[in-house]
Amino acid sequence: MKYPNTNSWNVSPLCRRGATAVVFVIMLPVLMLLLGFSVDLAYMQLSRAELRAATDLAAKAASSELAETGDTARAITKGKLIASANKVAGEGLTLEDADFVFGNTVRSTTGKWSFTASGSPMNAVQVNGRRTSAAPDGEVDLFFSSLLNGDGFQTTAAATAGFINADICLVLDRSSSMKLAVSNTATGMGGGDPRSCDIPWADSRWIALDDAIKIFLAKMNDTLAEEQVAIVTYASNYTACGVTNHNVTLDQPLTSDFTSITTAMENLNTTVWGGNTETSQGMSLARSELNGSGARATAEKIMVVLTDGAYTNGVHPADVAALAAADRIKVHTITFGACPSNVIMDMQDTAVAGGGYHFHAPDAATLNDAFSKIAGSISILTQ
């Protein structure tokens, strides 16, 4: 006779489903809380990143307006406008006047920037972005915070933007060909040319350069940054036309008095000069000036090299530009007039080595534009 196994139980599928349902009902609140926490955590990170971006853009916009106009009220208006166009947690960021702090920012020799509220000269603005209970937009509402009877998410961000003070050396070609007419397609001047023993004529490349530099200085005057400018000119050592020319001269040391720059150019406009094109010699003297006692440790160092012909002293300008870059000097280059392709390529290489821009200006209008663009690139923002 077989007896049933009394140690085994036969549980119906219906009973098992019921037990699972009970467990699910018990765990559901816990699962919901975990899900809510995960979603809210991601949303908090997104809101924080959005606030950071909106605050950065507002600071840059306000600083740009301040550099252009010098008007703190207009800077605040511009910063508010840009902030409102950038959403934080689905809403444009609202800033108050008190969220804008104006002052001075300087870069130490280590490369780090420091901001001083109400510092002078005023060249920076700090913006404090807020999504807190006291902010105009309030705190960030979370999706599941009501399940825990919690408050919203509060976050802040601060961004500082300023415009750079710069020490700039203009390295200008005064070889004989710079006395040719702008429209002349020749790359050199013969000794029999009536211009060779005369001062630059009104239609010459040099006078066009003088006009472009006036535009450059006007752009510099339009900013609140404190720029210093120097002038170095270069040609070659030779005696002709009753005068002795030097291959390179410091025609104006670094100065914040731009009338001195204008005077230096006027002196060159009324002087007989000429020779070959020892570009790297001019750049070497400019490098010394930008590293000299007149240069400021916290200012950006910039060299602008203009030429209308091939370098003639055997040292490639790109080699000097690389040395300048190692000294934290940025080198921009401009080729002017009827430059052969190899000259343009050499100066492109020089700009690359110096971490700057190259511009080719076949005529006076594009030369003016090149100097305007370089002026604009100098007045960049720091953060």
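This is a predicted model: local features need pLDDT of at least 70, side-chain atom pairs count only at pLDDT 80 or more; totals for chains, interfaces and linings use all residues.
## Overall make-up

The chain has 383 residues, and 45% of them are buried. Its secondary structure consists of eight helices and 15 strands.

Among contacts in the chain with a separation of 6 or more, 73% are between residues 24 or more positions apart.

## Helix H3 against H8

Helix H3 spans residues 205-221 and helix H8 spans residues 364-378. Their axes come within 9 Å and cross at roughly 25 degrees. Angles under 35 degrees count as roughly parallel, and H3 and H8 are therefore roughly parallel to each other. Their crossing is right-handed.

On the H3 side, the contact is made by Ala 208, Leu 209, Asp 211, Ala 212, Ile 213, Ile 215, Phe 216, Lys 219 and Met 220. H8 contributes Ala 364, Leu 367, Asn 368, Phe 371, Ser 372, Ile 374, Ala 375 and Ile 378. By class, the residues of this contact between H3 and H8 are 13 nonpolar, two polar and two charged.

## Helix H3 against H4

H3 also packs with helix H4, which covers residues 258-269; the two axes come within 11 Å and cross at roughly 180 degrees. Angles over 145 degrees count as roughly antiparallel, so H3 is roughly antiparallel to H4.

From H3, the residues that meet H4 are Trp 206, Ile 207, Asp 210, Ile 213, Leu 217, Met 220 and Asn 221. Their partners in H4 are Phe 258, Ile 261, Thr 262, Met 265, Leu 268 and Asn 269. This contact of H3 with H4 divides into nine nonpolar, three polar and one charged residues.

## Helix H5 against H6

Helix H5 (residues 279-290) and helix H6 (residues 317-326) have axes 9 Å apart and pack at an angle of about 10 degrees. That angle makes H5 roughly parallel to H6. H5 passes H6 in a left-handed crossing.

The contact involves Thr 279, Ser 280, Met 283, Ser 284 and Arg 287 of H5, together with Pro 317, Val 320, Ala 321, Leu 323 and Ala 324 of H6. Six of the residues in the contact of H5 with H6 are nonpolar, three are polar and one is charged.

## Two buried residues

Phe 153 sits in the loop between strand E5 (124-131) and strand E6 (155-163). Its relative accessibility is 9%, so Phe 153 counts as buried. Leaving aside residues up to four places away in sequence, Phe 153 touches Met 44, Arg 48, Arg 131, Glu 139, Val 140 and Leu 142. Phe 153 and Ser 133 are 20 residues apart in sequence, with their C-alpha atoms 9.1 Å apart in space.

Ile 302 belongs to strand E12, residues 300-307. At 6% relative accessibility, Ile 302 also counts as buried. Beyond residues up to four places away in sequence, Ile 302 touches Ala 166, Asp 167, Ile 168, Cys 169, Leu 290, Ile 329, Lys 330, His 332 and Ile 378. Ile 302 and Val 229 are 73 residues apart in sequence and 9.4 Å apart in space, C-alpha to C-alpha.

## Backbone features

Most residues other than glycine have a negative phi, and most peptide bonds are trans. Ala 89 has a positive phi of about 55 degrees although it is not a glycine. Ala 89 lies in the loop between strand E1 (87-88) and strand E2 (91-92), and at 16% relative accessibility Ala 89 counts as buried.

Cys 241, likewise not a glycine, has a positive phi of about 55 degrees. This residue is located in the loop between strand E9 (238-240) and strand E10 (243-245). With 34% relative accessibility, Cys 241 counts as partly exposed. Elsewhere, Ser 120 and Pro 121 are joined by a cis peptide bond with omega about 0 degrees. Pro 121 is in the loop between strand E4 (113-117) and E5.

Note on methods. Residues are numbered from 1 along each chain as its sequence is written. Side-chain values use heavy atoms; hydrogens and water are left out. Axes are lines fitted to C-alpha atoms, for helices over the stretch in contact, and angles run from 0 to 180 degrees between N-to-C directions. Helices (H or I, at least four residues) and strands (E, at least two) are DSSP runs, numbered from the N terminus. Angles under 35 degrees count as roughly parallel, over 145 as roughly antiparallel, 65 to 115 as roughly perpendicular and the rest as oblique. A crossing is left-handed if the near helix is turned anticlockwise from the far one by less than a right angle, and right-handed if clockwise. Contact means heavy atoms within 4.5 Å. Ala, Val, Leu, Ile, Met, Phe, Trp, Tyr, Cys and Pro count as nonpolar, Asp, Glu, Lys and Arg as charged, and the others, Gly among them, as polar. Buried means under 20% relative accessible area, exposed over 50%, partly exposed in between (1.4 Å probe, protein chains only).
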